[in-house]
Structures are given as C-alpha cells and as structure tokens.
Amino acid sequence: MSKRPADPTALGRAFRRRLRRAGAEGPPALGCMVSEYLRPSMATLLAEAGYDFLFVETEHAFLQTPELAGFVHAARGLGLPAIAKTDLDRGEVTRLLDTGLCGLQLPRTESPEQLAELADYALFPPKGSRAGAPGYGSTDYRIPEDHGAWLRRANQSVSIVAHIETAEGLRNAAAIAASPHVDVVYVGPYDFSIAMGRPGDYDHPDVTGPMRRILRLCRERRVCFGTTPSGPGTARDWVRRGAGFFELGSELELTARAARAEVEAYRGGSDN
C-alpha cells in the first residue's frame, strides 16, 4: 500500500503555512537549488541533508518536463516540497504545477499586476483560470474522490514567490509586498547587485541597504522575505533582521566544493 497522504495537497498547504511563520514566528526555510542533476537520488540526498525545500532552476538550466516531473515526484515522496521559476505563460504554469510543484517563482517581478496574472494561471476557478487535470503529479497520479474538495485545497497549496532583481522591482517593492497573491518576496542578489551598480558584491551597502528596505516592507505586511546570502555569517544577520527564506547553493556548487576539499585533504596529507 502507498504511504503517501491521501490528500495530495497536504504537502503544499503545509509548506505555505511554514512560509507564513518563517522568520517572524519560526525558523527560516532553507532550500537547495537544483539545476542539472534532476535524479531521484539527488532528491533523496538533499532530503537526508535536512533541506526544507528544493528550488529548481528552470530559467537558466536546460531541463525537460519528464525529468522535472520524475524529480518532483521523488521529492514529494520524501515529504520535500519543490518550487521552480516560471514565465507568465499559461501553458508553462500549468505544466509546471501538474508535475506536483508546491510553488512558483516569478523572475523579474516588477508589479503586483504580474503577480495577479500568475495567480490567475496558477489557481483553479473561481479564484483563477487554471485548467483542471487530475491524475498527474499534482494529485500523486490518482483521481480525487471528491473533486470539489481537491480543487479548493489545491488553491491553498500553491505558494507564489515574487522575485525582485531590478531597479523597477525595487521602486514597486511596497506594492509587490502588499499583493494579496504573494507568499514570499525574494531578492535575487546577483542581478540585484548589477541593478544597484555593484555587480557580484552582495554585501555592499548599495545592495544591502535597498534589500533591507524591502525586508522592512515585508515585515510591515507580514510577508516572508528571502534572499541568497553570501555565506552563513550574513545569513545569520538576515535572520536577525527577520528574513525567513533562503535559496542556497546549487548541487553543482556543493559537488565542486566537496570535490575540492577531498582532493586538497589528500594532497595536503601526502608524503610525496
């Protein structure tokens, strides 16, 4: 017998509740980026490591829907929610959510109108216009017994992440944080540092100053704020200020770092 919960929306609804508490009332949610190795084994390793969610890099990586669907399905079986970037395209939003993703992140968010459009694509009627397709990954490949209950709960199970990374996004940050459709406001520090005239310098005051303003706006609205910190030390500072959502390094970075450490450890201890 399957050990999956009977309610396929349970994972997404629990993750969304976790995001509401993260930072202000609870510990931060830590996510690992996955960009190339979308294997069930990778999902297992990251779940065992203790991550709270997975962030699939669909903007820059070359991924196919079947491999994404298999990876998300494996993560769901481990109780690990996954989110992914999306464009404002109805078909793409539908395909991504039907894999079983628990959240969508909109790069270059610059207005609340964009978030309203994304919510329309992501939610079932009457709250949105998403087409129903039970039997795919979003229902754990089952047909719901009560379709009305599934549709209502499904609308509570999709987290929307506004991704601010431009000067225009900064100018409209207050309106973005006030959107009724946003669960997390995430500042992408690399592109944001470029927009602030300090490419790659995540910790420069010209970058952190505007980010802190966005964080304060989020706290006023009781919306979770997130970013990718330059390291554990700066992450602790963000947590002290109220941040609750972190997209950390990718599986590529983790592999490269561990491989270098392994080689250096052996070469450093060699007698030759």
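Colleague: How many of the six residues of strand S5 (residues 159-164) are buried?

Modeller: This is a predicted model, where local features need pLDDT of at least 70, side-chain atom pairs count only at pLDDT 80 or more, and totals for chains, interfaces and linings use all residues. Residues are numbered from 1 along each chain as its sequence is written, and side-chain values use heavy atoms, with hydrogens and water left out. Strands are DSSP runs of E with at least two residues, helices are runs of H or I with at least four, and both are numbered from the N terminus; buried means under 20% relative accessible area, exposed over 50%, and partly exposed in between, with a 1.4 Å probe and protein chains only. S5 is largely enclosed by the rest of the structure, because the number of its buried residues is six of six.

Colleague: Which residue in S6 is the bridge partner of Ile164?

Modeller: Two strands pair if DSSP finds at least two bridges between them. S5 is joined to strand S4 (103-106) by four bridges, in parallel, and there Leu104 stands opposite Ile160. S5 also pairs in the parallel sense with strand S6 (residues 184-187), over four bridges. In S6, the partner of Ile164 is Val187.

Colleague: How many residues does the largest nonpolar core have?

Modeller: A nonpolar core is a set of buried Ala, Val, Leu, Ile, Met, Phe, Trp, Tyr and Cys residues joined through side-chain atoms within 4.5 Å. Leu104, Val185 and Phe225 are among the residues with the most contacts inside the largest one. A second, separate core of 15 residues includes Leu11, Phe15, Ala22 and Tyr186. The residue count of the largest core is 55.

Colleague: Arg108 and Asp140 each have a positive phi; is Asp140 buried or exposed?

Modeller: Neither residue is a glycine, and phi is about 55 degrees in both. Arg108 lies in the loop between S4 and helix H5 and, at 48% relative accessibility, is partly exposed. Asp140 lies in the loop between H5 and H6. With a relative accessible area of 8%, Asp140 is buried.

Colleague: Which residue forms a cis peptide bond with Pro125?

Modeller: The bond has omega near 10 degrees.
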